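Dear colleague,

Please find below the structure that I am handing over to you. My notes on what was found in it follow directly after.

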Amino acid sequence: MTIKIWQSYSCNNSSSYRLVARFADPNVARETATELAAFFSAHAKQMDVLTEDGDFPEENPAAAQDLAKQYGFSWNEVLSWGDEMLEGDEPSIGTEDKTLVVYHTYCGGFGEAIPAYLKARGAAEVEPEDRHPPTASVLFEAPASAALDEDLASMFSQIADRPEREVEPLKTPWETRWESYGRAAFFRDPKTVGMWFPIAPTDLPAFKAWLAEHGVQKASVRLCEYDDEKKFVAIAGAKCSACDGTLQYLDPRLHDIDSEQLACLGCGGMYDLTTFLNQPPKPVVAKKLVVAPKAKAKAKKAKAKAKPAAKAKAKAKPAAKAKAKAKPAAKVKAKAKAKAKVKAKAKAAPKAKPKKKR
Ligand SMILES: [Zn+2]
């Protein structure tokens, strides 16, 4: 009797595997996704036949051999995402623009051959396999819709009062096949909604259908834009440091501009988003405030005395004063952020579990 020891399949199933490939051409990304999905499906069928009696093959079956031959790579292990019954449980694949994502919650991983295939298919970059779930970064202008407001509020509330912003899993108003664990970041200003959240590629169509259902005409959806998490958090917490006014986010993905900016609805000041990312915010252009003549400020002060309601506004006006005021608050915020970061790091890799277990 021979006893074969395969890679450990007895893991606790609490990890996931994500492969991200960036292509130069969105069409090639899409075609590759279609081909890879067809391969996974054929491979699953062939593997299921071979593992029917509880055996595990020593070599990959025909579909995998053919793919390797066609693209000039070799298999260093038998591709599998379970001991048996792979059909119907194929890895989730999706593309947005030039990015292709492959995802599975099985603990075995994709090995070296799938990345080699993606490179042979023309991927400019294949990121090292990662155990975090894929994330969507979404920006859209919200139409007036009470139903949409309600859905957004219910999602946003899941990370409110949670500095680590972890969803366990994210409860979504659209149907999902896979549960998604991990961190999320949201913001909503007077015009734009920003959502950064874990999602399996398979569930993207349902998410987009939900957007369309609520009358969202144009949405920018990107996959695995890691920097957007930090950006969306910064936008959610951004206030005009000169007048404490509400800021409106303007992104090149939705607007005809070159860089990410924030405009103050109160004083018209413009900020570059980068100013909010790493340090206490400083207005880049706050023309109205900088050129405010002394006499005008004095007159305003006098006015404020007469009208108590206007007091708060007038107080915030002198730029220097406002800046000085804003600094300590921002420092505290930065400290809290750093703390949260350490906390998040200390936590184990986020879990991801398939909703339907075989
Ligand atoms: Zn302002």
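I begin with a pair of helices. The axes of helix α1 (residues 26-50) and helix α2 (residues 62-71) come within 8 Å and cross at roughly 140°. Since angles over 145 degrees would count as roughly antiparallel, α1 and α2 are therefore described as oblique to each other. On the α1 side, the contact is made by F39, A42, H43 and Q46, while α2 contributes A62, A63, A64 and L67. By type, the residues of this contact divide into 6 nonpolar, 2 polar and no charged. Please bear in mind throughout that this is a predicted model.

The next topic is the nonpolar core. The largest one holds 65 residues, and those touching the most other members are A21, V101, V102, A184, F197, F232 and L247. Helix α1 gives the most to this core, with 6 residues. As a general background, nonpolar side chains tend to be buried together in soluble globular proteins.

V102 deserves a separate word. Leaving aside residues up to four places away in sequence, V102 touches L19, L36, P91, I93, F110 and I114.

Strand β3 may be described next. Is β3 (residues 99-104) mostly covered or mostly exposed? The strand is mostly covered, with 6 of its 6 residues buried. In a regular strand the side chains alternate between the two faces of the sheet. For β3, both faces are covered: T99, V101 and Y103 are buried on one side, and L100, V102 and H104 are buried on the other.

Two strands pair with β3. Strand β1 (residues 17-22) runs antiparallel to β3 and is joined to it by 6 bridges; here R22 stands opposite T99.

Strand β12 (residues 261-264) pairs with β13 in the antiparallel sense over 3 bridges, and A263 has M270 in β13 as its bridge partner.

With kind regards

Terms used. Residues numbered from 1 in each chain as written. Predicted model: local features only at pLDDT ≥ 70, side-chain atom pairs only at ≥ 80, totals over all residues. Pairing = 2+ DSSP bridges. Helix = DSSP H or I, 4+ residues; strand = E, 2+ residues; numbered from the N terminus. Axes fitted to C-alpha atoms, helices over the stretch in contact; angles between N-to-C directions. Parallel < 35°, antiparallel > 145°, perpendicular 65-115°, else oblique. Contact = placed C-beta atoms within 7 Å. Nonpolar A, V, L, I, M, F, W, Y, C, P; charged D, E, K, R; others polar. Core = buried A, V, L, I, M, F, W, Y, C linked by C-beta atoms within 7 Å. Buried ≥ 20, exposed ≤ 12 C-beta atoms within 10 Å, placed from the backbone.
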